[in-house]
Amino acid sequence: MTGENKQQNSGLLGWALFVVGFAGALFVGWIVFPQLLYSTKYQPINYNHAIHQEEAGMSCEDCHFFREDGTYAGKPKLAACAECHSEPQGETEDEAKLVSEYVEPEKEIPWISYSRQPDNVFFSHAAHVKMAEMDCTDCHRDVEGQTKAPPVKINRLTGYPNEVMKMYVCEDCHAQENVSNACDVCHK
Amino acid sequence: MSGNKSGKLSYGMVIDVDKCTGCMTCAVACQQENNVPFREDETNKVRSITWLEVFYLDNGKSYPDHRKAYLPRPCLQCDADPYPPCTFVCPVNATQRDEETGLVSHIPVRCIGCRYCISACSYHARYFNWWDPKWPKPMEEMLTPEVSTRMRGVVEKCTFCVHRLQLAKDKAFAEGRRELDDGEYVPACVEACPAKAMVFGNLSDSHSEVAKLAKSPKAFRLLERLGTKPKVIYLSGQEWIHKLADNVI
């Protein structure tokens, strides 16, 4: 073997090592680390938005509505479900579970919130929806036609789901829209 | 110029010392409303937390010239320009004045517990949490959900019940209004006062009751000469109380 070949081989080996290392780093960064950081939780019942909208003809406001005092009813209470589901209406497993485990023993469904803010944040839906006329989908996922409740990824360190809006997003938008960024506008 | 930049809104309070009977209802209402922690043994007043302290005043004379009075002291929400003393010294911006409303806020989770603001406050209106708060069993159910509880190692103070402003704004927004009506936002102490000695409202609105009372010849501020420009204004027709309130060395 000549010296030139040796140099070429080590060059190739270097590239191969680089590619392997790079792929490994991506694997760790994109797959292993998120798995380690986030735990996956599933909703107690796989709520089907599509079937309620299309077959039952319900509108969003039937469950997600403003109360008279301006506060927002995020998720409906069990009573709202029980209005229709005192008996199973279809044949799905989830509905049977709803009736037997929650409606009959009158136990509230422990929904996991995707976007509940921490305890010291005062978030006003009225200010954003009624006044700033923002769409729900500006912050929340679009549930139209969704047949499955997606799993909730919860950050193991902070305990918050990954969809919870971060403070810098709030601040950026407030600054752009010329809305006050004083602490007591959002914090309590 | 006042420190409050918007000029339109400047929430303030007028307390009539001559009407105050010292019944402490305001203090109790405050403690209850704002989830203020307490301890089994509250004898050490240097360590206890009272967002709204009721001071006992007397003129030091004996009968028949003896006079006494009670003076409730919430956070005075100083309007000093450019900063109230407490926000000026905060190294982490945990306390600041909302320039739209004039309210001096304090965000406990941002606070590092250095207590500079406690030293800076001329009115002893700020308190330090020496222990984690504890509520005996059924009392936890009575906490106000709109007020976050504080942890050990942070400072806290009266916020003029800012959560009530947030709720009032929520209601107004839902009805399509941007401006609040007079009386929609009132702190718990003012609401509770049975003697109607406390009045709350917008000091910048010359038609409001607080603004009119604040211009009364009976009006005075605590330690006026310090230039802190408190937005809590006291009323009294008694000369000795005026003198006592300006008792700067």
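Two strands are taken to pair if DSSP finds at least two bridges between them. Helices (H or I, at least four residues) and strands (E, at least two) are DSSP runs numbered from the N terminus. The model is predicted, so that local features need pLDDT of at least 70 and side-chain atom pairs count only at pLDDT 80 or more, whereas totals for chains, interfaces and linings use all residues. Residues are numbered from 1 along each chain as its sequence is written, and chains are lettered from A and ligands numbered from 1 in the order in which they are written.

The model scores ipTM 0.81 and pTM 0.86. A residue is classed as buried if 20 or more other C-beta atoms lie within 10 Å of its own, as exposed if 12 or fewer do, and as partly exposed in between, with C-beta atoms placed from the backbone. By this criterion, 41% of the 249 residues of chain B are buried. Contacts are assigned to two residues if their C-beta atoms, placed from the backbone, lie within 7 Å. Among contacts in chain B between residues at least 6 apart in sequence, 63% join residues at least 24 apart.

In chain B, 4 strands form an open sheet of mixed pairing, in the order β8-β1-β10-β9. The edge strands, each pairing on one side only, are β8 (198-202) and β9 (219-220). Strand β1(B), residues 11-16, pairs with β8(B) in the antiparallel sense over 5 bridges. Within this pairing, B:Met13 stands opposite B:Phe200, and B:Tyr11 has B:Asn202 as its bridge partner. Although β8(B) is an edge strand, 5 of its 5 residues are buried, so the strand is largely enclosed by the rest of the structure.

Nonpolar cores were defined as sets of buried Ala, Val, Leu, Ile, Met, Phe, Trp, Tyr and Cys residues joined through C-beta atoms within 7 Å. The largest such core has 55 residues, and those with the most contacts inside it are B:Met13, B:Val14, B:Ile15 and B:Met198. At least two residues of this core are supplied by each of β1, α1 (25-33), α4 (162-174), α5 (188-192), β8, α6 (209-214) and β10 (232-235) of chain B. Neighbours within four places in sequence aside, B:Ile15 is in contact with B:Cys20, B:Pro72, B:Ala197, B:Met198, B:Val232 and B:Tyr234. A second, separate core of 5 residues includes A:Ala127 together with B:Ala172, B:Phe173 and B:Ala174.

The contact between the chains takes 21 residues from chain B and 18 residues from chain A. On the side of chain B, the largest share, 8 residues, comes from α4(B). This side has 7 nonpolar, 7 polar and 7 charged residues, where Ala, Val, Leu, Ile, Met, Phe, Trp, Tyr, Cys and Pro count as nonpolar, Asp, Glu, Lys and Arg as charged, and the others, Gly among them, as polar.

Backbone geometry was examined next. Most residues other than glycine have a negative phi, and most peptide bonds are trans. In chain B, the peptide bond from B:Tyr63 to B:Pro64 is cis, with omega near 10 degrees, and B:Pro64 is placed in the loop between β2 (53-58) and β3 (68-73). A cis bond also joins B:Asp81 and B:Pro82, with omega about 0 degrees; B:Pro82 lies in the loop between β3 and α2 (85-89) of chain B. B:Asn93 has a positive phi near 60 degrees and counts as exposed, with 10 C-beta neighbours inside 10 Å.

In chain A, the loop between α4 (93-103) and α5 (125-131) contains A:Pro105, which is exposed, with 7 other C-beta atoms within 10 Å. A:Glu106 lies in the loop between α4 and α5 of chain A and has a positive phi near 55 degrees. Of the 10 residues of helix α6(A), residues 167-176, the number buried is 0, so this helix lies largely in the open.
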